[in-house]
Amino acid sequence: MRVEFKPEGIHLPAIDLWLDPRVPVPAAWLSHAHSDHARGLHEAAISTAITGRLYRHRWPLPAHRTQQLLTLNPGQSMEWRGATLTARQAAHILGAAQLEIEYEGERLIYTGDIKRRTPICGWETQPIPCDHLIIESTFGLPIYQFLEAAEAQTRIANFARECLAVGQTPIFQGYGLGRGQEIAHTLALHEIPCQVHHSIAALIPYFEAEGYTFPTESANGAILVTPGQEEKVPIPPAKRKTALVSGWAALDNARARSNADVLIPYSDHADFSELLTLIAESNPSQIDIVHGYAAPLAHILRQRGYNAREARL
Amino acid sequence: MDALAHAAERVAATNSRREKIAHVASYLQSLNDADLARAVLYLSGRPFPSTDPRKLSVGYATMRAALAAATGWDAETLALCYREVGDSGETISHLCRPITNAEPLSLQQAETHFETLRKTRLTQVKVDLLTSIFQTHAAPALKFFVKTITGNLRIGLQEKMVEEAIAQATSQPADAVRAANNRGGNLSVVALSARANTLESIVATLFHPLDFMLAQPIDETKELADPENWVAEDKYDGIRSQLHVANGKVKLFTRGLEETTDAFPEIILAFTNLPGPLILDGEILATSFQLLQQRLARKKVSAKMMAEIPVHFVAYDILMHQGELVFDRPLEHRRQLLDNLGLVRTSQQTPLQTHAQIEALFNEARARGNEGLMLKRRGSLYESGKRAANWLKVKKPLGTLDVVVTAAEQGHGRRAGVLSDVTFAIRDGDKYLNIGKAYTGLTDAEIKELTKVLRALTIEKFAGGRVQIVRPEVVLEVAFDGLQKSPRHKSGYALRFPRIVRWRRDKRPEDIDTLARVHQISLGAVLPEKSVITENPEENPAK
C-alpha cells in the first residue's frame, strides 16, 4: 500500500486516511491524545474510546461545528473504503493504540508512539507480525536505555522519601498528559502526599475513570509540575530537590538542560533495545521510520538485514 | 572504582557544594591508605599526581578505536552517540555490552592500567588494552575510569572541593589541606599526610606550579575608598607566568598551571644563572599579544621565530626566595627581595595618593600599550589561589558594539545540549562580516532560551551538527578591551576579550554597528602595534 509522508502528516491515498495529521483533514486516525498527534478538528476522527475522550477535552467542539468521532477499541475492526482497520494496544499513554490496516492482502502497522515495556498507566503493547511497519524512533540510538516501570516507581518513591526525611521538598518534572499522572499515581501507591500542577490535575479524572488512584492534595509533600515550571516554585534552592522522570534523563547532560538534580530514565517511548524487540516481533519486509533518530536507526537496521528507511515528514 | 563511581554519581546528583563535599568525605573515610591516595587523584580527574610530569597520551582517536572494537558499533553511529552524550566516559558506559560475569575494577587495577597505558608507546597496543578493559568491567566503573583519562569528571567537583573533603574526612582544617596541596602539589601525599596529621611536613616543591594570586576587576576607580593605601603597576598584555629557578634549571608555567618552558628558550637562558631556589610571578611579553600567541602555539620554537618575535619576562612578585616560601611576607618586603635580585625587567610600582593620579597613571599605561592598571594594597600578603580584594585590575572596556549572531556552536559536558559559543558579525551595507566569537556572559537560562531561538534560525549544519550557521537575526551587545587587525575575520578585525553584555531583543539586525564605526574606533583607540614597557633600569626607582 502506498504511503505518503508529508509535512501535514502520513497519508494513505488508496483509502484517503491520514495518520496523526497535524492539520484538519477529512478523515484521521488518532493514535493517542498527545497534542502533536491528536490536533485540529477533522471531519471524521477514529480512535480508541479513551483517546477520543482525552482529545475532546483538549480540542473541545465549538458550538456551531459538528465532527464524526468513530470509536475503535483494541481488538475491534471496521471496514474503511475497502480496507480493514483494526486497533491494537500500544503501551505509551492511557488509550494509545497501533493501527493495523489490511488492504489487498498486505498488512500495514502504524505504531504511533509506542514502547515495549509495561507502562505504569495504560495497557501493554500487542506485537503484530506485518508486511509494512511504520514506527517512531524518538530514542533510536543505543545510548538510550530505560528503567522497567517497577524500578522507576521505586526510584520515584525513594527520591521523594529521602528528600522529605531531611526536610527538603521533592519536585518532579512530568509532562501534562501521561508522565505527570504516572508519577502522581506512583506517589499515591506509596502514600506520599503531593501537590499537582493544574495542567496535570485537569486530566486526572480520565485516569481515575480507568481505575487509577491519586494522592490527596497536601502542602507538606511532593510537588509535581510540568517541565520549566519548577523555577516558579517558591521554595529556596537549599530546601528543594528536583527529579526529571523522562527518556532524556538517560544522559547526564539532561541535568543542565532541565535543572534537575536526580535523573530517572523512564519513558513512554521505547528505548533502543525495545525498538529492536518490536521490530523483530513484527518482522516486516518494509520499515519506515518517523520522528527522532530516523536516519541513524534506519542505517543500523539495514546493517542487520532489514529493509528500513527514514521517512521524512 | 565501583564505589568511587557510586560516590561520584551522588556528587553529580546535588547542586549543593556542601553536600558534594560531604559525599566525597564519607567515601574517602571508608578507604584504606593505598586507595585513599588513588581516589583523591581520580576524583580530581587526574590519573597521576600533578607533580608527575609524565602524560597518559590517550587521545580521542585511541578512545574511539577501542570503543568501536569493544562494542562493535560502526564509526557513524559512534560519532552520533558521542555527539549526543558529549563525554567519552559516559558514552562508553551506555554502549559497553552488558556482561554477565563482569569483574569489579579495583582502584589498584585502575592504577596499574593507567601505568601500562602511559608506558605503552604504540597506539594500537593502547587501543587493545582499552578494548580488553571495556570488555572485562561494568558500566559505572568504566564510566569514571575513562573520565579520569579524559581529565574531567563533569560532576561539578573541583580539586578545591576534594581538598575540603580530605579535610573533612581527616578532621584537619581546610586551609591547612589547601596550603599543603599548593606547596607540595601531590594530592595523594596531602591526603595521607592529613590522615597521619603531618600536613606541616609537606614542603614546597620546586618545578610544580603554585596557584596564582588573582585580581578582582573594577571599572570605576572612584570606588576605591583609600587610594593612599595602594600602589599601582601597569597591567601588561602578555601571558601571566610563574618562573621557577634552581641549580641552573628553569621552568615556566602559565596561570592554567601548564608548563610552557619549551616555547621560550631565550627566557630560560636569561634566568639560568640566577641564584635559586627561586619562584617569580610575572608576565611574558612580546611586541604585541597577537605575536605572543604565535609563539605560544609552538611547542618547539625555531631560531627564525625567536629572531622575528623576541620575548621577555617582566617580574612583579616573588613567591620563593632561597628555597623559602615568602607568601606571608608583606608586599613591600617581597618587593625588596625582588629588587635585590637586580633583574633587568621588573614592573614599576608607584605609590598612590589621589584618584586623579590613578586616572593619569591609567592613561599613561594605555599610551604605553598596556592593558590598564594593577592596584596592590600596601602590606598585603600573596594570597595564592585566591581572587583576593588586595589586588585590583582596572581595565575599562574600549566600548561595546551591537552585533548579530551568524553561527553557534554546541558546548561540551554540562553545556553539551546547548549552543553556548556564538560567532557574531557587524554590518557593511547589506552584508554581515564576522568580527569575533564569545563563550560567556549569559546566564544558563538565557543560554537555554538563546539555543531555542538559534535552532529555529539554523540554515546549515557543520561538524556533525556541532556548528550551526544561523540566519542573522539575534542581536547581542558585546564589550571588548581592544581591536586587532585579523585576516581570519571577514571584517578584517578581531575583538580582544569580547564578552556578551546583554541580549538586545529591542534591536533588529539593521540596527547593529557598522564596519565604518569599527574603522573609526580603530583609528581613535586601537591598541598600538608596539607595546612599550618599563625595561629601562633608569626608569625604575628601585634600581
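## Ground rules

Helices (H or I, at least four residues) and strands (E, at least two) here are DSSP runs, numbered from the N terminus. This is a predicted model, where local features need pLDDT of at least 70, side-chain atom pairs count only at pLDDT 80 or more, and totals for chains, interfaces and linings use all residues. Residues are numbered from 1 along each chain as its sequence is written, chains are lettered from A and ligands numbered from 1 in the order in which they are written, and side-chain values use heavy atoms, leaving out hydrogens and water.

Most residues other than glycine have a negative phi, and most peptide bonds are trans. In chain A, the loop between β9 (97–103) and β10 (106–110) holds A:E104, a non-glycine residue with a positive phi near 50°.

## A helix pair in chain A

Helices α2 (149–165) and α3 (179–189) of chain A pack at about 70°, axes 10 Å apart. Axes are lines fitted to C-alpha atoms over the stretch in contact, with angles from 0 to 180 degrees between N-to-C directions. The pair is therefore roughly perpendicular (65 to 115 degrees).

Which residues meet? A:Q153, A:I156 and A:A160 in α2(A) touch A:I183, A:T186, A:L187 and A:L189 in α3(A) (heavy atoms within 4.5 Å).

Key: Parallel < 35°, antiparallel > 145°, perpendicular 65-115°, else oblique.
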